[in-house]
Amino acid sequence: APREGGRPSCARPHHPPLSSQPPTGFGPAATPDACTLDEPVTATIARDARRIASNLLLVALPAGRDRGSQAAALKNWDLWGPMAFTLALALALSAGAPSAGAVFSLVFGLCAGGAVVLTANVVLLGGNIGFFQSLCLLGYCLFPLDVGAVVAAFVPLLPVKWAAVGVGFAWACWAAVPFVGGSVPPARRALAVYPLVLLYATMAWLALVKG
């Protein structure tokens, strides 16, 4: 039925309320009266940016939070944040490189392909985490390496580079390892965690040697 002023209503009379459907991100689900069909593009971008920020705080900054509640929140995964952080890492590592295009392709391929392989490995090891949930987790946990790579790209002092990349690597592992290790049986935990640490270590090494 039309609203006042002749504008169409966003009501969906033949479907269940939005609150009865699973949300598509870590953040709170939309309210039943929410309608985004006619909102401005800037509002959509701002809403997605706030959602990525809240997801990042939940996954990559686990200090003081219950790991169990964070694992439950992974059921509402999204891939916008992981794609953004993968692109940011590839751009940071290719900036100023003699073959920037080749470095960008290498880093992006390693991150994307490595995340898929690691996720398949966790699933085959009997992990209780979904495929896209794992991709989401691994992508968000690239953020500390993004910070370290940016510092290493623009600060010429070698001790600062090593410190920034080292902290970023340790931070990424601290955020991701408990999730991945906790999703598989204890006897297979090392088989799930070792490839993850190896992937993050490779990105950290590239950040140190690229320039």
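Student: Which helices each supply at least two residues of the nonpolar patch?
Tutor: Helices here are DSSP runs of H or I with at least four residues (strands are E runs of at least two), numbered from the N terminus. A patch takes residues with over 30% relative accessible area and no salt bridge, joining like charges within 9 Å and nonpolar side chains (Val, Leu, Ile, Met, Phe, Trp, Tyr) within 5 Å; a salt bridge is a Lys or Arg side-chain nitrogen within 4 Å of an Asp or Glu carboxyl oxygen. Two helices each give at least two residues to the nonpolar patch: α4 (100–124) and α5 (131–140).

Student: What kind of model is this?
Tutor: Residues are numbered from 1 along each chain as its sequence is written, and side-chain values use heavy atoms, leaving out hydrogens and water. Local features need pLDDT of at least 70 and side-chain atom pairs count only at pLDDT 80 or more, while totals for chains, interfaces and linings use all residues, as the model is predicted.

Student: How much accessible area does the nonpolar patch have together?
Tutor: Areas come from Shrake-Rupley with a 1.4 Å probe, and for residues only the protein chains shown count as cover. W77, L79, V116, V123, F131 and F132 form this surface patch, and together they have about 470 Å².

Student: Is L79 buried, partly exposed or exposed?
Tutor: L79 is in the loop between α2 (67–73) and α3 (80–94). Buried means under 20% relative accessible area and exposed over 50%, with partly exposed in between (1.4 Å probe, protein chains only). At 34% relative accessibility, L79 therefore counts as partly exposed.

Student: Which helices do the buried residues of α3 pack against?
Tutor: The buried residues of α3 include F85, L89 and L93. Counting contact as heavy atoms within 4.5 Å, the buried residues of α3 pack against α1, α4, α5, α6 and α8.

Student: How far apart are the end C-alpha atoms of α3?
Tutor: The expected span of a helix is 1.5 Å times one less than its number of residues. The 15 residues of α3 should therefore span 21 Å, and the computed distance between its end C-alpha atoms agrees: 21 Å.
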